[in-house]
Structure formats: C-alpha cells, structure tokens
Amino acid sequence: MTKILITSALPYVNGVKHLGNLAGSLLPADVHARFRRQTGDEVLFICGTDEHGTPAELGAIQAGQDVRDFRDQQHAVQADIYRRFGLSFDHFGRSSSPQNHALTQHFYHRLLAAGLIDEREIRQVWSPADRRFLADRYVLGTCPHCGFEQARGDQCDGCDALLDAPDLIHPRSAPIRCARAS
Amino acid sequence: MTRTGLNLVRLSAVLAWSIIPALSETVLRGFGTEQGVPRWPSGPCGAFLNGGQGTPIPRLDPLVAKISPAQTGHLAARFGERNS
C-alpha cells in the first residue's frame with residue numbers, strides 16, 4: 001500500500017471563490033484522492049484556507065470586523081461550501097492554526113541552521129494615503145514596458161510583463177475593492 | 001444478456017465514482033453491494049460481467065433530474081438569459 005499525500009493550492013480566506021478555483025484546483029485534487037483510495041492506497045488529502053497577508057487585513061477593514069473574527073467567519077463559509085460540494089478532504093484546516101505556525105517555524109529554523117536563509121534589502125512601496133506598505137497588487141501605475149496606464153504592481157494586463165511595483169511609472173494606490181479579486 | 005448489461009452499469013458506476021461520486025453511489029446503492037469507497041476492479045473482467053445471478057435490482061428514478069420550464073425561468077433570473 002502506497003502512502004499518498006494530496007493537496008491543492010490553498011484558497012485565500014477572503015470571500016467565496018469563483019468556479020474556476022473549484023474546477024481548476026480543488027476538483028482535480030479531489031478526483032485524484034478518490035481514485036487513489038479506490039486503488040487501495042493510503043491517502044491523506046489536506047487543504048485549508050490561506051489566512052495571512054494584506055488581503056485578509058484589508059478585507060477585515062472593509063467588512064468592519066476584527067481580523068480574527070473576519071477570518072473565522074470566512075473560513076467557516078468556505079469550509080461549508082466545499083463540504084456541500086462533496087470534496088473529500090481528510091482535513092480542511094487553516095494557515096493560521098498553531099500546528100501550521102509550529103510546522104512553518106520548524107522548517108524556517110532548519111533552513112536557518114543550515115545557512116540557507118539569506119538576509120537582503122528590498123524596496124517596498126509606502127502609501128502616504130493609506131499609511132501602510134502596499135503589496136505589489138495594491139499598486140497601480142504606468143507599465144515601464146508598454147505604457148499601459150492601469151498596470152498592477154505584480155503584472156501588466158496590457159503586455160503581460162511581470163513587474164515589480166517600484167518599477168511602475170507614476171505609481172498610485174489601487175482602490176482596495178479592485179485588488180481584492182483573487 | 002441482461003445480467004451482463006446490468007453488470008456493465010455497475011462497473012461504469014465504480015469507474016466513474018471518483019468524478020461523479022453522488023451519482024455513482026445512487027447507482028451502487030441500487031445494486032445493494034457497495035459501502036464506502038468502491039474498490040477499483042482488477043483481474044479478468046469476466047467475473048464482473050457474469051456475477052450477481054438472482055440479485056434483485058430496483059427500478060431507479062432518473063439519475064439526473066430534467067430541468068423543468070419553471071426551473072429554467074428561475075435559473076435565467078438568477079444567472080441571466082443565454083446569449084445567442
């Protein structure tokens with residue numbers, strides 16, 4: 001009996017996902033997990049909500065909720081949807097769980113002890129209007145490659161070039177509502 | 001011939017379980033033999049297609065419900081009219 005660990009891209013905790021997330025990521029993993037169980041393999045099918053990063057913080061602000069309450073509620077909504085779709089997770093957890101924190105820190109300390117963590121200086125985009133550093137996708141500006149004026153800090157939808165937010169010409173903060181789609 | 005046909009239906013339900021589990025389980029319940037994860041078949045298929053003599057098979061309702069005109073109206077209102 002082969003032991004099989006299956007997961008899929010973790011859906012971000014903000015909001016209900018679009019159908020493409022289900023069809024392109026969760027469903028193929030579920031079909032594979034079910035098939036492996038049919039052939040007698042020992043399957044562990046794990047997924048969960050990704051609850052770290054700027055979108056969760058901004059989503060909570062928009063909803064007028066504490067970040068923790070916002071994540072609790074949004075996780076429950078998604079877990080219920082996937083249960084009703086019949087996805088056969090053995091565990092649908094949360095990146096904010098103490099278990100995940102301990103595991104992540106374990107990996108980090110092992111890498112650090114092995115000399116594989118490198119400290120570097122990088123440029124960050126600070127928004128005076130929002131009084132916060134902004135993740136790439138929350139910055140709009142003109143693409144330095146094609147001149148498209150609505151380029152996002154991570155990618156230009158005009159020419160598909162991958163970008164770094166500091167490279168944008170005339171950078172400005174993105175309206176939060178636009179940047180939430182994920 | 002009928003037995004082979006019915007066994008083919010049952011075999012198809014087992015093969016399709018990973019993709020359409022709810023529909024597959026409806027069929028397998030009709031055969032009254034499967035509980036939990038239906039095992040992937042292996043070995044010669046003759047036994048699969050020739051077994052089950054004397055097993056009573058109930059008449060199943062349609063597996064996939066027909067969409068009624070009333071439901072069509074409801075779906076159109078919810079998701080919009082079909083584009084031509």
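Me: How many helices and strands are there in chain B?

Reply: Helices (H or I, at least four residues) and strands (E, at least two) are DSSP runs numbered from the N terminus. Chain B has 4 helices and 0 strands, and its pattern along the sequence reads α-α-α-α. This is a predicted model, in which local features need pLDDT of at least 70, side-chain atom pairs count only at pLDDT 80 or more, and totals for chains, interfaces and linings use all residues. Residues are numbered from 1 along each chain as its sequence is written, chains are lettered from A and ligands numbered from 1 in the order in which they are written, and side-chain values use heavy atoms, with hydrogens and water left out.

Me: What radius of gyration does chain B have?

Reply: The radius is taken over C-alpha atoms, and the globule rule is 2.2 Å times the number of residues to the power 0.38. For 84 residues a compact globule would have a value near 12 Å, but chain B has 18 Å. Along the principal axes, the C-alpha atoms of chain B fill a box of roughly 50 × 25 × 25 Å.

Me: How many aromatic pairs are found over all chains?

Reply: Rings of Phe, Tyr and Trp (its six-membered ring) pair if their centres lie within 6.5 Å; planes under 30 degrees apart count as stacked, over 60 as edge-to-face and the rest as tilted. The search of the whole structure gives 6 such pairs. One of them joins Tyr82(A) and Phe89(A) edge-to-face, at 6.3 Å centre to centre with 80° between the planes. Another edge-to-face pair is Trp126(A) with Phe133(A), at 5.0 Å and 70°. Ring pairs also link Phe45(A), Tyr82(A), Phe89(A) and Phe92(A) into a cluster.

Me: Is Tyr82(A) buried or exposed?

Reply: Buried means under 20% relative accessible area, exposed over 50%, and partly exposed in between (1.4 Å probe, protein chains only). Tyr82(A) is buried because its relative accessible area is 5%, and Phe89(A), at 16%, also counts as buried. Trp126(A), by contrast, is partly exposed at 45%, as is Phe133(A) at 49%. In chain B, buried residues make up 20% of the 84 residues.

Me: Which ring does the charged end of Arg34(A) sit over?

Reply: A charge sits over a ring if NZ of Lys or CZ of Arg is within 6 Å of the ring centre and within 35 degrees of the ring normal. Here the ring is that of Trp17(B), with the charged end of Arg34(A) 4.9 Å from its centre.
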